[in-house]
Amino acid sequence: MENKFTFKSSATYYAKECLDIKNNTVREIDLEDSRFTGLIAWMETGWNDGELKIRIVDALYPETYFERDIRDITIWADLMIITWREK
């Protein structure tokens with residue numbers, strides 16, 4: 001099962017996320033997207049610290065990114081909130 005999930009972030013949020021001022025991302029769930037079905041599977045089975053990673057890519061500069069360990073996945077209505085551990 002995939003254990004690293006990549007998402008793009010707009011310039012508005014990327015700097016805050018990279019600095020861990022904002023240590024989460026909120027996404028509309030798309031069950032056709034394997035990232036969401038994979039994350040839901042991990043929610044159901046559980047994971048150990050350090051086992052799941054999120055990669056946030058700067059939408060303007062795709063070669064720029066950071067990675068963090070996922071610490072929580074929450075579903076609210078049709079949204080998924082992915083929280084990561086601060087650096």
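Modeller: D20 is found in the loop between α1 (11–18) and β2, where helices (H or I, at least four residues) and strands (E, at least two) are DSSP runs, numbered from the N terminus. This is a predicted model, in which local features need pLDDT of at least 70 and side-chain atom pairs count only at pLDDT 80 or more, while totals for chains, interfaces and linings use all residues. Residues are numbered from 1 along each chain as its sequence is written, and side-chain values use heavy atoms, leaving out hydrogens and water.

Colleague: Why is D20 called buried?

Modeller: Buried means under 20% relative accessible area, exposed over 50%, and partly exposed in between (1.4 Å probe, protein chains only). The relative accessible area of D20 is 14%, so D20 is buried.

Colleague: What makes the contact of D20 and R68 a salt bridge?

Modeller: A salt bridge is a side-chain nitrogen of Lys or Arg within 4 Å of a carboxyl oxygen of Asp or Glu. The side chains of D20 and R68 meet at 3.3 Å, N to O, and therefore form a salt bridge. This pair links distant parts of the chain, with R68 in strand β4 and D20 in the loop between α1 and β2, 48 residues apart.

Colleague: How do you know that R68 is buried or exposed?

Modeller: R68 has a relative accessible area of 8%, and so R68 is buried.
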